[in-house]
Amino acid sequence: MINQPPVDLLIDQLGTDGQPVSRYCLCVVAAKRARQIIEQTAGQSTSSTDVIKELAIASREIADGKIKCVKD
């Protein structure tokens with residue numbers, strides 16, 4: 001479970017014009033970004049002390065406003 005950043009903040013951050021997105025949309029966006037991170041880091045060796053979960057990185061990027069939800 002994600003504690004930091006709070007899920008409510010992530011939902012508000014992904015929304016547009018004051019309209020929050022659904023929790024389902026948050027899950028889809030975060031999972032898609034986490035898979036992209038996994039693909040980018042595949043083959044790179046990481047030390048056991050520097051391991052940060054991909055979903056945590058994705059949630060921080062969403063909270064920072066680096067990731068946006070675009071409806072097709």
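In helix α2 of this predicted model, residues C25, L26, V29, A30, R33, A34 and I37 are buried, that is, under 20% relative accessible area, with exposed meaning over 50% and partly exposed in between (1.4 Å probe, protein chains only). Seen down the axis of α2, these buried residues fall within an arc of 160 degrees and so line one face of the helix, the arc being that of the directions from the helix axis to the C-beta atoms. On the other side of α2, Y24, C27, K32 and E39 are exposed. The buried residues pack against α1 (7-14) and α3 (54-63), contact being defined as heavy atoms within 4.5 Å.

Helices are DSSP runs (H or I, at least four residues), numbered from the N terminus. Residues are numbered from 1 along each chain as its sequence is written. Because the model is predicted, local features need pLDDT of at least 70 and side-chain atom pairs count only at pLDDT 80 or more, whereas totals for chains, interfaces and linings use all residues; side-chain values use heavy atoms, without hydrogens and water.

Two salt bridges are present, each defined by a side-chain nitrogen of Lys or Arg within 4 Å of a carboxyl oxygen of Asp or Glu. In one, the closest N and O atoms of D8 and R23 are 3.8 Å apart. D8 belongs to α1 and R23 to α2, so this pair ties together parts that are 15 residues apart in sequence. R23 counts as exposed, at 53% relative accessibility.

R33 forms a salt bridge with E61, with 2.6 Å between the closest N and O atoms. Since R33 lies in α2 and E61 in α3, the pair ties together parts 28 residues apart in sequence. R33 counts as buried at 14% relative accessibility, and E61 counts as buried at 15%.

Conventions. Helix = DSSP H or I, 4+ residues; strand = E, 2+ residues; numbered from the N terminus.
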